[in-house]
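Visitor: Please walk me through a structure, feature by feature. I would like the general idea of each term, then the case at hand.

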Amino acid sequence: MENIISVQDVSKIYRVGSEKVVALNNVTLNISKGEICCFLGPSGSGKSTLLNLLAGLEKPTKGRIIIKGQELNKLSENKLTKFRQKHIGFVFQSYNLLPTLSALENVSLPLAFRGISKKKREKIAKKILKDVGLETHLKHKPTQMSGGQQQRVGIARAFVGKPEIVFADEPTGNLDTKTTIEVMELITKMARENEQTLVIVTHDVEVARYADRIFYIRDGRIDKIEENSARV
Ligand code: ADP
Ligand code: MG
């Protein structure tokens, strides 16, 4: 199968004053196109660091990250931003919606970077907001919605441009158990329908159950990789 994500001998070391923090220690892994993967590990194990490197939001201290055949380090800042806008969607733990914009405006925004007309953007955004069950909340601002509803808007925004890859960092971290199940069912259904590659970071084994493959992370290393036969 085609590797859409390839991580080769990647380390990330942060320097804070005179202290060195090894956030990632020689990580090598491959993810196939269309796979749903999970990075599972305790707090501080390096999960967010790894996801941010894959999304090109940070640079490795050592090693290579190749997405869709493109080594991220070889792109200029400008090209990297364009690459990210075209191929990558991101779902955040705290939703990161723009507070002054409505649900419809938040979801339309990524399409604006692609030169799609306002009318067409709104049409596409409305359709996906309907798909996530928010057709009655198009005009709502983030503060006027529950956590679960805000995360549905966050998911709609990540998927609206049909990126080939979606990254989600603790997408259910602020949600209760029932809403966690709803959000996980939604995000995995959307990824499967469009054959998108989905990488989820979590410390929650219940969330990991939705993945095809689980990468256990501990102290900046991949401890174990498991095919998830008990996938829900
Ligand atoms: P996780 O997402 O698994 O909780 P992180 O990737 O956020 O873990 O952090 C891994 C380690 O790297 C932690 O020890 C953390 O304190 C450190 N770290 C993360 N980001 C930074 C940063 N910007 N500067 C310094 N240290 C950092
Ligand atoms: Mg984290």
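Visitor: Where is threonine 172 found?

Guide: Threonine 172 is in the loop between β7 and α6. Helices (H or I, at least four residues) and strands (E, at least two) are DSSP runs, numbered from the N terminus. A word on conventions: this is a predicted model, local features need pLDDT of at least 70, side-chain atom pairs count only at pLDDT 80 or more, and totals for chains, interfaces and linings use all residues. Residues are numbered from 1 along each chain as its sequence is written, chains are lettered from A and ligands numbered from 1 in the order in which they are written, and side-chain values use heavy atoms, with hydrogens and water left out.

Visitor: Is threonine 172 buried or exposed?

Guide: Buried means under 20% relative accessible area, exposed over 50%, partly exposed in between (1.4 Å probe, protein chains only). Threonine 172 has a relative accessible area of 7%, so it is buried.

Visitor: What does threonine 172 touch?

Guide: Contact means heavy atoms within 4.5 Å. Not counting residues up to four places away in sequence, threonine 172 touches Thr180, Val183, Met184 and Val207.

Visitor: How many helices and strands does the chain have?

Guide: There are 7 helices and 10 strands.

Visitor: What does the radius of gyration say about the chain?

Guide: It is taken over C-alpha atoms, and the globule rule is 2.2 Å times the number of residues to the power 0.38. For 232 residues, a compact globule would come out near 17 Å; the chain has 18 Å, which agrees. The C-alpha atoms fill a box of roughly 50 × 40 × 40 Å along the principal axes.

Visitor: What share of the residues is buried?

Guide: Buried residues make up 50% of the 232. Now take contacts with a separation of 6 or more: residues 24 or more positions apart account for 67% of them.

Visitor: Where is glycine 41 found?

Guide: Glycine 41 is in the loop between β3 (36-40) and α1 (47-54). Glycine 41 is buried, at 10% relative accessible area. Its contacts, leaving out residues up to four places away in sequence, are Lys47, Thr202, His203 and Ile217. Glycine 41 and phenylalanine 215 are 174 residues apart in sequence, yet their C-alpha atoms are 8.5 Å apart.

Visitor: How many residues of α1 are buried?

Guide: In α1, 7 of the 8 residues are buried, so the helix is largely enclosed by the rest of the structure. They are Lys47, Thr49, Leu50, Leu51, Asn52, Leu53 and Leu54. Glycine 56 follows α1, with a positive phi near 75 degrees.

Visitor: What span should helix α5 have?

Guide: The expected span of a helix is 1.5 Å times one less than its number of residues. Helix α5 (residues 147-159) has 13 residues and should span 18 Å; its end C-alpha atoms are 18 Å apart, which agrees.

Visitor: What covers the buried residues of α5?

Guide: First the count: 11 of the 13 residues of α5 are buried. Among them are Gln150, Arg152, Val153, Ile155 and Phe159. Their cover includes β6 (88-91), α3 (103-112), α4 (118-131), β7 (165-169) and α6 (177-193).

Visitor: What is the phi of asparagine 26?

Guide: Near 55 degrees, a positive value in a residue other than glycine. Asparagine 26 sits in strand β2 (residues 19-32). At 39% relative accessibility, asparagine 26 counts as partly exposed.

Visitor: And where is asparagine 96?

Guide: Asparagine 96 is in the loop between β6 and α3. Its phi is positive, near 55 degrees. Asparagine 96 is partly exposed, with a relative accessible area of 39%.

Visitor: Is glutamate 2 buried or exposed?

Guide: Glutamate 2 is exposed, at 51% relative accessible area. Glutamate 2 lies in the segment before β1 (3-16). Beyond its neighbours within four places in sequence, glutamate 2 is in contact with Ile31, Ser32 and Lys33.
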